[in-house]
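Thanks for coming. Please look at the sequence and the model on the screen before I start.

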Amino acid sequence: MFKKFLIASCAALAISSVAKAETYSIQSSFNAGDFSMQYLTQNWLPKIKAQTSGRVEITLTPNASVVPAKETIEAVSAGVLDGDFTSVNYFSGIEPAFAIMADLISGYDTPAQMLGFCRDGKGEAMQQKILDSVSGGEVHLIACGPYSRESLPARTPIRTFEDLKGKKIRAPEGLASAVFAAAGASPVSIPFSEVYGALEKGIVDAADASAYVNNVATGLHDVAPYPLYPGIHSMPLMQFTMNKEKWDALSADDQKALRTWWYAAMEDLTKVVDEQDQEKAKADAAGGKIEVINWAQEDRDQLREVARAEWVKFASKSALAREALDANLDYMTAIGLIKK
């Protein structure tokens, strides 16, 4: 009798365990063919199920698969999306503080430094505060950070700071556009999914697009054979969020597992993308059809001076933007990157 009871109990437990399994749809700002999208899907999404004992699964969908990237906060808040994995650059037009958090142009030297700002500094708390201000507290930030310093694919050579003048450059709204404009370029706001066509047709001369390896994977160098690498401008912050109600329904262990999983995935992606970037750039440079342009330090310094003036201008646009800049500067000072 006891044996039958034990078997029945185990079966009930198994059924209960299966019933608790949830699959969450997370829209990303990666294009479907991006190396990063493929790498995460193949190597890291399966780990979530294992790390939560089968209770949580994630489906990562490409850029604009459900809503435009700039609308993901609203969609997550309303429960249209379970969550997002999006470049914060897309939200710069919603609140100026997003521009400061999204990409402190020419600020951090490495993705590891900016990941540290989020995970160990005030980054997560600051980003959550900004999200709360625009979502009514309906979006929970799980983690944030970059994974690469982007290259700049160009149709025409941009070999120096002076060469930026007059160039039409695709850039997200906000700080990136402001910096390019201050440097003498003409920023053009177009969706990431339209970058290839815009370069091919000459609508833009260059594009704030993605990591070198992603640009290779999506064929950008076929129409923009003068990539600037290592990048001169951008290290975009990514946010990983979930609808607050759905987040609160997770156990504390699963919440912790998701945060730990994301930072581990981003650290690995950073390493792999950097290796791939270097390998692809070296091969392209040797191939003769693509000229990989690496700016001299004095040109990088000129752009940094322009960029830092724009940080301060953007920080004056709202109290949250000023707070976001102060949070970044505090961390950069603490790690010895700048002096106050």
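This is a predicted model: local features need pLDDT of at least 70, side-chain atom pairs count only at pLDDT 80 or more; totals for chains, interfaces and linings use all residues.

Residues are numbered from 1 along each chain as its sequence is written, and side-chain values use heavy atoms, with hydrogens and water left out.

Helices (H or I, at least four residues) and strands (E, at least two) are DSSP runs, numbered from the N terminus. Take helix H15, residues 319–334. The expected span of a helix is 1.5 Å times one less than its number of residues.

Which residues of H15 are buried? Buried means under 20% relative accessible area, exposed means over 50%, and partly exposed is in between (1.4 Å probe, protein chains only). The buried ones are Leu320, Ala321, Ala324, Leu325, Ala327, Asn328, Leu329, Tyr331 and Met332. They pack against helices H5 (96–102), H6 (111–119), H7 (123–135) and H14 (297–315), where contact means heavy atoms within 4.5 Å. After H15 comes glycine 336, with a positive phi near 80°.

A disulfide is a covalent bond between the sulfur atoms of two cysteines. Here the term is used for a pair of cysteine sulfur atoms within 2.5 Å. The structure holds 1 disulfide, joining cysteine 118 to cysteine 144 with an S to S distance of 2.1 Å. Cysteine 118 lies in helix H6 and cysteine 144 in strand E4 (residues 139–145), so the bond ties together parts that are 26 residues apart in sequence. The torsion about the S-S bond of cysteine 118 and cysteine 144 is about -110°, so this disulfide is left-handed. Cysteine 118 is buried at 1% relative accessibility, and cysteine 144 is buried at 0%.

Now the backbone. Where is the cis peptide bond? It joins tyrosine 229 and proline 230, with omega about -5°. Proline 230 sits in the loop between helix H11 (220–223) and strand E8 (238–243).

Serine 53 is not a glycine, yet its phi is positive, near 55°. Serine 53 is in the loop between helix H3 (45–51) and strand E2 (56–61), and it is exposed, at 54%. Alanine 64 also has a positive phi, near 65°. Alanine 64 is in the loop between E2 and helix H4 (72–78), and it is partly exposed, at 41%.
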